[in-house]
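Here is a quick briefing to read with the model open in your viewer.

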Amino acid sequence: MAAVGLATAAVWFYASSKPALVDGVTPELRRFYMERAVVTPAVFLVSIPIAAINLAVGEFSWILIFIALRFLSHRYRDQISARHRAII
């Protein structure tokens with residue numbers, strides 16, 4: 001899960017660095033999608049050592065994905081246009 005998520009983030013990082021590939025996307029929206037792409041792999045990587053200590057707590061820590069995604073949507077709500085908000 002972490003490898004796929006990080007690969008997705010790498011593809012987005014590459015694509016967003018080329019203005020012709022992401023025409024019309026604001027820097028705030030680029031940053032939002034990059035942070036959003038990194039959330040799931042980061043939580044899964046953090047859950048591995050937690051699960052080594054306590055499996056139930058490690059699995060429970062995956063709820064942080066939903067909390068973090070909600071936080072990001074709330075944090076960037078003013079910068080993201082209504083057109084892109086429907087996608088989120």
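Helix 1 and helix 2 cross in a left-handed way (left-handed if the near helix is turned anticlockwise from the far one by less than a right angle, right-handed if clockwise). Helices here are DSSP runs of H or I with at least four residues, strands are E runs of at least two, and both are numbered from the N terminus. Keep in mind that this is a predicted model, where local features need pLDDT of at least 70 and side-chain atom pairs count only at pLDDT 80 or more, while totals for chains, interfaces and linings use all residues. Residues are numbered from 1 along each chain as its sequence is written, and side-chain values use heavy atoms, with hydrogens and water left out.

**Helix 1 against helix 2**

- The axes of helix 1 (residues 2-16) and helix 2 (residues 27-53) come within 8 Å and cross at roughly 165°; axes are lines fitted to C-alpha atoms, for helices over the stretch in contact, and angles run from 0 to 180 degrees between N-to-C directions.
- That makes helix 1 and helix 2 roughly antiparallel (angles over 145 degrees; under 35 is roughly parallel, 65 to 115 roughly perpendicular, the rest oblique).
- On the helix 1 side, the contact (heavy atoms within 4.5 Å) uses Ala2, Gly5, Leu6, Ala9, Trp12, Phe13 and Ser16, and helix 2 brings Arg30, Tyr33, Met34, Ala37, Val38, Pro41 and Leu45.
- Sorted by class, this contact of helix 1 with helix 2 has eleven nonpolar residues, two polar and one charged; Ala, Val, Leu, Ile, Met, Phe, Trp, Tyr, Cys and Pro count as nonpolar, Asp, Glu, Lys and Arg as charged, and the others, Gly among them, as polar.

**Residues to click on**

- Arg30 sits in helix 2 and is partly exposed, at 26% relative accessibility (buried is under 20% relative accessible area, exposed over 50%, partly exposed in between, with a 1.4 Å probe and protein chains only).
- From Arg30 to Phe13 you go 17 residues in sequence, and 8.5 Å in space from C-alpha to C-alpha.
- Ala10 belongs to helix 1 and is partly exposed at 44% relative accessibility; its C-alpha is 9.0 Å from that of Ala37, 27 residues apart along the chain.

**Helix 2 against helix 4**

- Helix 2 and helix 4 (residues 63-75) pack at about 165°, with axes 9 Å apart, so helix 2 and helix 4 are roughly antiparallel.
- This crossing of helix 2 and helix 4 is right-handed.
- Phe32, Glu35, Arg36, Val39, Thr40, Val43 and Phe44 of helix 2 meet Leu64, Ile65, Ala68, Leu69, Leu72, Ser73 and Arg75 of helix 4.
- The class count for the contact of helix 2 with helix 4 is nine nonpolar, two polar and three charged residues.

**The chain as a whole**

- The chain has five helices and zero strands, running α-α-α-α-α from the N terminus.
- Of its 88 residues, 27% count as buried.
- Among the contacts in the chain with a separation of 6 or more, 56% come from residues 24 or more positions apart.
- The accessible surface is about 6,100 Å², 69% of it from carbon and sulfur atoms (Shrake-Rupley method with a 1.4 Å probe; for residues, only the protein chains shown count as cover).
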